[in-house]
Structures are given as structure tokens and as C-alpha cells.
Amino acid sequence: GINAEYGRMENYTSHRIHNDLWQIFTNTLDWKLNYIHPNYEDYLTMKRPEFPQPCPDVFHFPLLSKKFSWHMINELESIPGDIFAGSGNNNDKRLAGGYENVPTVDVHFTQINFQQEWLKVLRDYVAPIQRRVFEGYSFHGSALLSFVVKYHEKGQRELRPHHDHSTFTTNTALNRQGIDYDGGGSYFIRQNCLVRDVDIGWTLMHPGRLTHYHEGKEITRGTRYILVSFNDP
């Protein structure tokens, strides 16, 4: 059935348009060919100084393919009604505590039964990169909050300064700055550093707490989609 408040599909399978997205456990190799960025493998052999670092301790690498981004956006926007509606408020029944201090208009992967699939992406593809850029730490494999944020010129346009509830955060661009939207970007306040030029499927990885207080800069036109994951909360 559908939970009206969040348009949540309790049994999402029959409604899927891009069922391949959910095949990471059953067709692991095909999933990788379809949905992991074609340049990902190049970064598995890089040493930390070789990684792009647009701001201090903000590492930049290609994770997901354009097809993943298109399929995920299309999947979410094709759900009957508006699955993004009802989010963006401080009071949020999707969260254990029921309260979000810095809310975004978003869809949690738990709402579309994609949480286990995403955890596998983190363990198989994000963790090896994390070990290269933040040596001495190993991803524990947990991420309670993984979600797609939608910034829209007529909706939420920006996000005020905040820390993330994570040891490290990944933030993946799902569409194109300067084409699909103008403005936007992640601004790291202590570092006085704005990251705006992130290509589709490319990911920023940065510490979630203490050092990397950041905000989402205002978009001035269009719609910006990002995939955010709070890893090891």
C-alpha cells in the first residue's frame, strides 16, 4: 500500500521503472557495468596526494555513472504524486527521533527500499576509496541516512550551515551545474572554500563533524539533485 504522508510504497517492486537499480545483489557484474562510473577503477590505485582535493580534506572522485543518475531521478519523479512532498520540515516521522535540525526536501532510500542496495555500494565501492584518502580508518559499514536532495528554484533553494551526522559524508552530483541549474554548490566555512564544479556521478567525500561545517549555496535557476550519505554516524 501507499503511506499517503510520504508517498511511501511499502512494497516498491511492482512500481519500479528502472528495476535494474535494485539488481546489485543478483547481477553484481552487470550492475557495476551499468551504474559505476567508467573511470572509477582508475582511482583504486591512486595515492592520496593524487586525488583531486577541491578543498582541504574534501576529496573528489568518480563513483556513479550518468545512467545511475538519470535512472534514480526518473525513478523518484515518476512515483505517483510527489514523493518529495512532506519533507523539508523540522518534524520528520522518517527519523528515529522524529526531528531534523537542518531539513532538506528529500527522499530517503528507506522510502523506496533501496537502503540495503546503497549500503552495498558503500561497502564495495566507497570504502576502498575512503581507505586511500583517510588512511587508518576503516568504514564500519553503516549509514542510517542516505537520501536524494532536491533543490528547486520554486522550492528549497539553499541549506544553512550545518554539520553532518556522520564520520564521513559522501555527496554525489546527479545533474549538471550550469545546465540543469545555476548557482548551488557546497561551501565549507572554516576552509572558506566553495565546490561548485562537480560532474554527474562524481562524489565529494569529507569529514562530517567538527572540521567541515558547511552549507548548500543557493541555486538561482532550475533543479539540483544530489545523493547524500551520512556514513558511520
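Helices here are DSSP runs of at least four residues and strands are runs of at least two, both numbered from the N terminus. With that settled, I opened the model, which is a predicted one.

**Entry 1: the whole chain**

I started with the secondary structure and found 3 helices and 13 strands in the protein chain. Next I looked up the radius of gyration, which is 17 Å, close to the 17 Å that the globule rule gives for 233 residues, so the chain is as compact as a globular protein of that length. The C-alpha trace spans about 50 × 40 × 35 Å along its principal axes.

How much of the chain is buried? I noted 54% of the 233 residues. The accessible surface comes to about 10,700 Å², and carbon and sulfur atoms hold 49% of that.

I also checked how far along the sequence the contacts reach. Taking contacts between residues at least 6 apart in sequence, 78% join residues at least 24 apart.

**Entry 2: charges**

I turned to the charges and found 24 positive and 27 negative ones, with their mean positions 2 Å apart. Then I searched the whole structure for salt bridges and got 11.

**Entry 3: Asp106 and its surroundings**

One of the salt bridges joins the side chains of aspartate 106 and arginine 94, at 2.8 Å from N to O. Aspartate 106 lies in strand E4 (residues 106-108), while arginine 94 sits in the loop between helix H2 (66-78) and E4, so the pair ties together parts that are 12 residues apart in sequence.

Are these two buried or exposed? The cut-off for buried is under 20% relative accessible area. Aspartate 106 has 5%, so I put it down as buried. Arginine 94 has 18%, so it is buried as well.

Setting aside neighbours within four places in sequence, aspartate 106 is in contact with Ile83, Phe84, Ser87, Arg94, Gln111, Phe147, Val148 and Val149. I also looked up glycine 88: it is 18 residues from aspartate 106 in sequence, and their C-alpha atoms are 7.0 Å apart in space.

**Entry 4: two other salt bridges**

Which residue does arginine 221 pair with? I found aspartate 182 as its salt-bridge partner, with the closest N and O atoms 2.7 Å apart. Arginine 221 is in strand E13 (residues 219-231) and aspartate 182 in strand E8 (residues 181-183), so this bridge ties together parts 39 residues apart in sequence. Arginine 221 is partly exposed at 33% relative accessible area, and aspartate 182 is partly exposed at 27%.

I then looked at glutamate 215, which forms a salt bridge with lysine 217; their closest N and O atoms are 3.5 Å apart. Glutamate 215 counts as buried at 17% relative accessibility, whereas lysine 217 counts as partly exposed at 29%. I also noted a network: salt bridges that share partners join Asp92, Arg94 and Asp106.

**Entry 5: His206**

Last, I looked up histidine 206, which has its place in strand E11 (residues 202-207). Its relative accessible area is 2%, so I wrote it down as buried.

What does histidine 206 touch, not counting residues up to four places away in sequence? My list has Asp57, Val58, Phe134, Asp164, Phe168, Thr169, Phe188, His212 and His214.

Methods. Residues are numbered from 1 along each chain as its sequence is written. This is a predicted model: local features need pLDDT of at least 70, side-chain atom pairs count only at pLDDT 80 or more; totals for chains, interfaces and linings use all residues. Side-chain values use heavy atoms; hydrogens and water are left out. The radius of gyration is taken over C-alpha atoms; the globule rule is 2.2 Å times the number of residues to the power 0.38. Buried means under 20% relative accessible area, exposed over 50%, partly exposed in between (1.4 Å probe, protein chains only). Contact means heavy atoms within 4.5 Å. Accessible areas come from the Shrake-Rupley method with a 1.4 Å probe; for residues, only the protein chains shown count as cover. Lys and Arg count as positive and Asp and Glu as negative; His and the chain ends are not counted. The place of a charge is taken as NZ of Lys, CZ of Arg, CG of Asp or CD of Glu. A salt bridge is a side-chain nitrogen of Lys or Arg within 4 Å of a carboxyl oxygen of Asp or Glu.
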